[in-house]
Amino acid sequence: RNIRSLRTFSLTINRHFSAAKESEIELDYLKGDKEGIAVLALNRPSAKNAFSQSLVNKLIDSVDSLWTDKSVRVVVLRSLVPGAFCAGADLKERSRMTPEEVVRFVKKLRGILTQIEQLPMPVIAAVDGFALGGGLEMALACDIRCASADAKMGLVETRLAIIPGAGGTQRLPRTVSPSLAKELIFTAKVFTGVEAKDMGICTHTVPQNDTKDAAYLKALDIAREILPNGPVGVRMAKKAINNGIQVDINTGFAIEEACYAQVMPTTDRLEGLKAFAEKRKPIYKGE
């Protein structure tokens with residue numbers, strides 16, 4: 001708790017002294033009935049949160065800190081830039097790169113999106129605004145996606161004579177059918193949040209509000225529903241699902257068994273049984 005307080009204090013001080021420039025990435029730890037929720041926010045308004053080398057490096061640092069923080073039970077990934085989740089790659093910066101530098105940058109971006117996908121706790125993407133190219137690839141790396149009805153999404157890389165290179169060609173066909181994924185990528189189609197829900201890309205679509213954060217508020221609602229549940233159980237469920245869908249079902253059963261074995265020795269499991277018998281809400285500690 002002291003470490004979290006120092007980190008939050010440090011982030012506040014950093015925002016104060018960097019008010020004249022973009023912070024690019026902000027990591028906040030919510031309090032009260034939302035304690036256990038970490039909000040990872042993109043904040044590069046000058047480029048609609050486009051992935052620059054600087055932004056990616058700061059994203060790596062923030063995700064690294066989340067990996068080791070057991071007090072965080074849910075992560076919400078959002079934008080602080082009204083109307084934009086993430087515009088994808090910073091094409092102005094990329095135009096100044098050599099081909100070798102581009103390859104290294106795309107590999108680094110693919111790596112950090114994989115790190116987001118593999119975070120032990122659930123990650124919920126709140127898409128308020130457009131998520132194009134790498135922006136949609138980042139949302140696809142999250143466990144759950146909420147979008148405003150007017151959000152604009154698409155893997156549009158073929159318009160630039162390239163392909164999605166940060167996981168889009170792999171995650172989209174695993175989210176929808178391979179045939180639909182091919183159509184969306186081949187045509188570089190841009191679709192709305194409502195269409196994303198219809199296709200199964202987003203689990204929730206909500207009408208946008210005046211403050212342009214409707215998807216974020218919906219993501220917080222879902223996060224609050226996750227908070228009361230056993231954090232070790234939630235983490236093991238995520239691991240079982242993520243690893244199991246990559247293999248045949250019998251291997252998946254073995255993965256599920258191994259993950260179940262991880263929850264057996266926990267005090268949280270005993271607390272759940274005790275609370276049920278005593279007809280009260282369990283108090284889980286993640287142990």
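Helices (H or I, at least four residues) and strands (E, at least two) are DSSP runs, numbered from the N terminus. Residues are numbered from 1 along each chain as its sequence is written. You're looking at a predicted model, where local features need pLDDT of at least 70 and side-chain atom pairs count only at pLDDT 80 or more, while totals for chains, interfaces and linings use all residues, and side-chain values use heavy atoms, with hydrogens and water left out.

**Stop 1: the largest pocket.** A pocket, on a 1 Å grid over the protein atoms alone, is an open set of points with protein on both sides within 12 Å along at least five of seven lines; a cavity is a set where a 1.4 Å probe fits but cannot get out, and lining residues have an atom within 4 Å of a point. Grid points are joined across faces, edges and corners, and a volume is the space filled by probe spheres set on the points. The largest pocket holds about 1500 Å³. Select Leu119, Pro120, Pro122, Arg235 and Lys238: of the 48 lining residues, these are the closest to its centre. Now colour helix H10, which supplies the largest share of this lining, eleven residues. Why does the pocket lie between domain 1 (25-227) and domain 2 (231-278)? Because both domains give residues to its lining; the domain bounds come from an automatic or database domain assignment.

**Stop 2: the largest cavity.** Select Val72, Arg73, Pro122, Ile226, Leu227, Asn229, Pro231, Val234 and Arg235, which line the largest cavity. About 50 Å³ of space lies inside. Helix H10 (residues 231-244) gives the largest share of this lining too, with three residues. By type, the lining has six nonpolar residues (Ala, Val, Leu, Ile, Met, Phe, Trp, Tyr, Cys and Pro), two charged (Asp, Glu, Lys and Arg) and one polar (the others, Gly among them).

**Stop 3: the second largest pocket.** Pick Gly88, Ala89, Leu91, Arg94 and Leu160, which lie nearest the centre of this pocket, lined by 26 residues. Its space is about 450 Å³. Its lining splits into 15 nonpolar, four polar and seven charged residues.

**Stop 4: the sheet.** Switch to cartoon view and find the open, mixed sheet of four strands, in the order E4-E6-E8-E9. Its edge strands, E4 (84-86) and E9 (191-192), each pair on one side only; two strands pair if DSSP finds at least two bridges between them. Which residue in E8 is the bridge partner of Ala131? Click on Met153.
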